[in-house]
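Visitor: I would like to learn how to read a model like this one. Please take me through it feature by feature.

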Amino acid sequence: MSHYHEIPLRVHKHIGLVAHDGRKRDLLEWVTFNKGTLGQYTLYATGTTGALIQQETGLKVMRLKSGPFGGDQQMGALIADGEIDMLIFFWDPLEPQPHDPDVKALLRIAVLYNIPTASNRATADFLIASPLLNEPYTRMIPNYQERIKRAPFIEAALRATATDNRP
């Protein structure tokens, strides 16, 4: 069994954009500065962030729900389904969020599926300037099934159930 799954990223990247209220201005400035480059790609954003990007830049954005109303979970589902190739998520390290579990889940999914992720302007600048942005790239995702270990009593119960269900 291979230790990795190889999943190619498309050349025409789909980029997720998310920002907490305290960081929306930062993300809008970054998007405005990179408007020419970002306009070449398919953009997704959570609700308010997407509306502000469209209003201030005129870029076409596929808008999801607002983060606290499920937008972060929608973004995570798009990552899991292979629809998002890169995530720019300017989260606010100084302000607790009412949907902190959703925020953590989104970041976990981005790591789990090994997509390039930026949580600040410096990292976003490095990602947007990368020559890999316009090239095919194959993500190497660890085979997590190999790492999942169940308790022996669960394994025994699963084996017994499989045996009991035979004709």
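**Reading the fold**

Guide: Strand 2 and strand 5 run parallel and are joined by five bridges. Two strands count as paired if DSSP finds at least two bridges between them. Helices (H or I, at least four residues) and strands (E, at least two) are DSSP runs, numbered from the N terminus. Within this pairing, Val18 stands opposite Phe89 of strand 5.

Visitor: What should I know about the source?

Guide: The model is predicted: local features need pLDDT of at least 70, side-chain atom pairs count only at pLDDT 80 or more, and totals for chains, interfaces and linings use all residues. Residues are numbered from 1 along each chain as its sequence is written, and side-chain values use heavy atoms, with hydrogens and water left out.

Visitor: In what order do the strands of the open sheet lie?

Guide: The order is 4-3-2-5-6, five strands with parallel pairing. Strand 4 (61–63) and strand 6 are the edges, each pairing on one side only.

Visitor: Which strands does helix 5 lie across?

Guide: Helix 5 lies across strand 2, strand 5 and strand 6, at about 150° to strand 5. For such angles, axes are lines fitted to C-alpha atoms, for helices over the stretch in contact, and angles run from 0 to 180 degrees between N-to-C directions. Contact means heavy atoms within 4.5 Å.

Visitor: Which residues touch the most other members of the largest nonpolar core?

Guide: First the rule. A nonpolar core is a set of buried Ala, Val, Leu, Ile, Met, Phe, Trp, Tyr and Cys residues joined through side-chain atoms within 4.5 Å. Buried means under 20% relative accessible area, exposed over 50%, partly exposed in between (1.4 Å probe, protein chains only). In the largest core, of 22 residues, Leu17, Leu27, Trp30 and Ile88 touch the most other members. Strand 2 (14–19), helix 1 (24–33), strand 3 (42–45), strand 5 (86–90) and helix 6 each give two or more residues to this core. Helix 1 gives the most, with four residues. Apart from this core lies another, of 14 residues, including Ile79 and Phe89.

Visitor: Is Ala124 buried or exposed?

Guide: Ala124 counts as buried because its relative accessible area is 0%. Ala124 sits in helix 6 (residues 121–129). Beyond neighbours within four places in sequence, Ala124 is in contact with Trp30, Ile88, Phe90 and Ala118.

Visitor: What is the phi of Asn114?

Guide: Most residues other than glycine have a negative phi. For Asn114, phi is near 50°, a positive value in a non-glycine residue. Asn114 lies in the loop between helix 5 (100–112) and strand 6 (117–118). Its 33% relative accessibility makes Asn114 partly exposed.
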